[in-house]
Amino acid sequence: MTRLQRLDWPDNGTPDLPPAFAPQEAEARLAVVREAMLRAGYAALVIYGDREHAANLHWLTGFDPRFEEAVLVVTAGDALLLAGNECLAYAAVSPLVAAGRVRTGLCASLSLPSQPRGSRRLWDWLDEVIPPGATVGAVGWKWYGADELPPGADPALALDVPAFLADPLRDRAGRVENATALFMHPAHGLRARVGADDIARLEFSNHMAASALKRMVFALQEGMTDFAAVEAARIGGLPLGCHVTFAMGDTPGLSGPVGDRIRRGVPASFNIAHWGSNICRAGWMARGPDDLPPGAAGYLEEFVFPYAQAMSDWCAMMRPGVAGGAVWAMIHDRLPAHFGITLNPGHLIGLDEWMSSPIMPGSGIPLASGMAMQMDVIPAHPAWGSTRMEDGYVIADDALREELARRHPNLVRRCAARAAFMTRVIGMDVPDSLLPLADTCGIIAPWLLDPAQVVVL
């Protein structure tokens, strides 16, 4: 019988410092990018990045622009990274740049407004590396379907890079196509699967975010400002994958602190996200059902408890070969329309908080070993507010788990301990193929002013 039980939140220790992005990894990724580029018929691949949309560039090079923009041009025999005034020196962080496998160039137009512009112009650089009349792939951060474009428009030609890059590319090349799916498509994207060292980095990120969220939750008190609540999280130094949120009452859910004070009887949601993680919870600023307004009666029995069971069923389906459309159908069967589920119930995560998702209506894309999967099922109700158990996982078959056991045995031990807590204490159905990356996995604490009350099945 689903109920609340007073529990200690688990603590499985701090993960080992994850391995740095190694030159061998970078070389291998550059090789597979060139192979994919040639298979697609591209003479060059042009990868754009800015501060928010750096995931593809960083995955390949280990470099991400800091408050500027950057452009990487890859051809069969060359690779040129263009950076602005302040990021050009930082490009040395890339193993490929350090090894001379990627050369760099200053393009001051990628810098901030009003800074010096005394460098070669972007089109001059492109003329040097883009073969005239060639077919070129442009990589930004999304691709488009025919239903998103005017009638008759070709989705392959719908670019998601800025016009100041798209225009000179079109002037130089014979055809410029959107090639973002080469990196991000859930079925075949190069970034849609992770390896053993990637998983170690993901676990470290999830631990950092989960530990901060736990500190924040257990510090919540009536009268505390939302600024003080986030301060209590003591967020570490990892880059953020998205803005930290903390919203109460009628404040929109993506808001950060605004100066509100915690008071009983209001719904709340918050998250902490680093590159590779997003730990999010939602519930009520309350110690029990007596603190809820009359309109929220039944919150536990009719909303939270069915959600918890649905999340157990979600875990049970996280196995290689399960069709993404089957997961979508299951969630919408368990959590019908009044739960307000509008987005994909689960998606891939990387440096970007949302990469793409195999979980779509009717999707035949199978879940696969190496998918870093975010449990991101967001209910919303006008009276009950929300509830949430959003954490990171990796789907891993026998071969990947065996490799992890060889390369990162402590990670395997921690994942096993988390899975055991979820199954034996919480009562969830967690298959061997699902690796929980954070100690918060399995925890739903609906009364945020008494978070030791946890849902068990």
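Predicted model: local features only at pLDDT ≥ 70, side-chain atom pairs only at ≥ 80, totals over all residues.

Visitor: How many helices and strands does the protein chain have?

Guide: The secondary structure comes to 12 helices and 15 strands. The radius of gyration is 23 Å, close to the 23 Å that the globule rule gives for 457 residues, so the chain is as compact as a globular protein of that length.

Visitor: And what does the C-alpha trace span along its principal axes?

Guide: About 70 × 50 × 50 Å.

Visitor: What share of the residues is buried?

Guide: Buried residues are 57% of the 457 in the protein chain. As for contacts with a separation of 6 or more, 67% are between residues 24 or more positions apart.

Visitor: What about the surface and the charges?

Guide: The accessible surface is about 18000 Å², with 55% of that belonging to carbon and sulfur atoms. There are 37 positive and 50 negative side chains, and the centres of the two sets lie 4 Å apart.

Visitor: Now α1. How far apart are its end C-alpha atoms?

Guide: They are 24 Å apart, which agrees with the 24 Å that the 17 residues of α1 (residues 23-39) should span at 1.5 Å a residue.

Visitor: Which residues of α1 are buried?

Guide: E25, A26, R29, L30, V33, R34, A36 and M37. An α-helix has 3.6 residues a turn, so residues three or four places apart point the same way.

Visitor: Which residue with a positive phi follows α1?

Guide: That's G41, with phi near 85 degrees.

Terms used
Residues numbered from 1 in each chain as written. Heavy atoms only, no water. Helix = DSSP H or I, 4+ residues; strand = E, 2+ residues; numbered from the N terminus. Expected span 1.5 Å × (residues − 1). Buried < 20%, exposed > 50% of the residue type's maximum accessible area, 1.4 Å probe, protein only. Rg over C-alpha atoms; globule rule 2.2 N^0.38 Å. Contact = heavy atoms within 4.5 Å. Areas by Shrake-Rupley, 256 points an atom, 1.4 Å probe, with all protein chains shown as cover. Lys, Arg positive; Asp, Glu negative; His and termini not counted. Charge placed at Lys NZ, Arg CZ, Asp CG, Glu CD.
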